[in-house]
Amino acid sequence: MLKQLSEIEQEINSFSITVEDELESFRLKYLSRNGLLPKLFEELKNVSKEEKPLVGKKLNEVKRLAEGIYNSRKAFLEESLSVKEDADYTLPGRTFSIGTSHIITQTLREMVKIFREIGFKVTQGPELEEEFYNFDALNTPEYHPARDMQDTFYVQNKYDKEKKYVLRTHTSPVQIRTMMANKPPLRIVSPGKVFRNETVTYKNYFMFHQIEGLYVDKHVSMRDLKSVLGYFFRKFYGADTRTRFIPSFFPFTEPSGQVDVSCFICGGKGCKTCKETGWLEIGGCGMVDPYVFKAVGIDPEEYSGYAFGIGVERIAMMKHGITDIRMLYQNDVRFLEQF
Ligand code: PHE
């Protein structure tokens, strides 16, 4: 009987009582007049005299346990099921908001997915960056006029006075980090935040996002760059999207280009979004400059490569008809929950 009792004890402890029916079957099974425990009390008279005190004690313990569980579950269920008399059941139910990811996060994911499908690996670099990676190794030494193109936030690090730090002004330092740490062939995209000390307006913000791309191998040419970006924008904006490359300048690419895509609002005919030009400027690109290869220890005679940087906010804003970049970062849920 002792064995039986400890089995019952275990059963009781693991009996699931989450609805009223279960509570009632619990009562019927263990506590009611024909239930297991009262029956065992009756059988107690057949237990030998020596064993009786022990068995009796255990039986009482198990009974108290069962009653305790019964009463507490009963109270709990009654409370959770109790209904207020004055409740109005015709009112609409409460809706739960589970939240969504930010429109920029969604755009980044969508962009990264397209590049991953064609073999690009995703890497990331620090937002607080050493000046060396953000500028010097990218063929932009101190006093190089191109530093003025990007209004830089310089950061003092009082623990490390040797190195100079900046909030990275572009994602291109990830190119340097990638090439220093790995041997070609390399094919990466690197999404992330960048910072520029610009006057905040409807089209400029002091922080925004870029996706950097880098491909280094033997015999990489401008043609590869054009075909990959063309493919990307057709995937992203639709099969009719055209891409064009306009000569431009970056210290770390030669030749350099500005990437434009045909306006997907008017299909290139000219409208307000593209300022009647039919084209939208979307990023910079070019062939990795031999000076950059030298700075990272890659032989420019053996390898060549292309790089590009695409602005993510512009892409998201154009795709969703958002006209003011500041709206993205005011964290107004009425705006954010639309995406
Ligand atoms: N880093 C450049 C910018 O932010 C864009 C770019 C990336 C240009 C890679 C060429 C190659 O303006």
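Are Phe26 and Tyr30 buried or exposed? I looked them up, and both are buried (under 20% relative accessible area, with exposed over 50% and partly exposed in between, using a 1.4 Å probe and protein chains only).

Notes on the source. I am working with a predicted model, in which local features need pLDDT of at least 70, side-chain atom pairs count only at pLDDT 80 or more, and totals for chains, interfaces and linings use all residues. Residues are numbered from 1 along each chain as its sequence is written, and side-chain values use heavy atoms, with hydrogens and water left out.

Aromatic pairs. I took rings of Phe, Tyr and Trp (its six-membered ring) as paired if their centres lie within 6.5 Å, calling planes under 30 degrees apart stacked, over 60 edge-to-face and the rest tilted. The count by this rule is 18 aromatic pairs. I noted Phe26 and Tyr30 as a tilted pair, 5.1 Å centre to centre with 55° between the planes. I then checked Tyr306 and Phe308, which are stacked at 6.3 Å centre to centre, with 25° between the planes. Tyr306 and Phe308 are both buried.

Cluster. I found that ring pairs link a cluster whose members include Phe115, Phe120, Phe236, Tyr306 and Phe308.

Charge over a ring. I used NZ of Lys or CZ of Arg within 6 Å of the ring centre and within 35 degrees of the ring normal. The charged end of Lys319 sits over the ring of Phe236, 4.1 Å from its centre.

Domains. I read the bounds from an automatic or database domain assignment: domain 1 (2-86) and domain 2 (103-125 + 171-336). Their C-alpha centres lie 69 Å apart.
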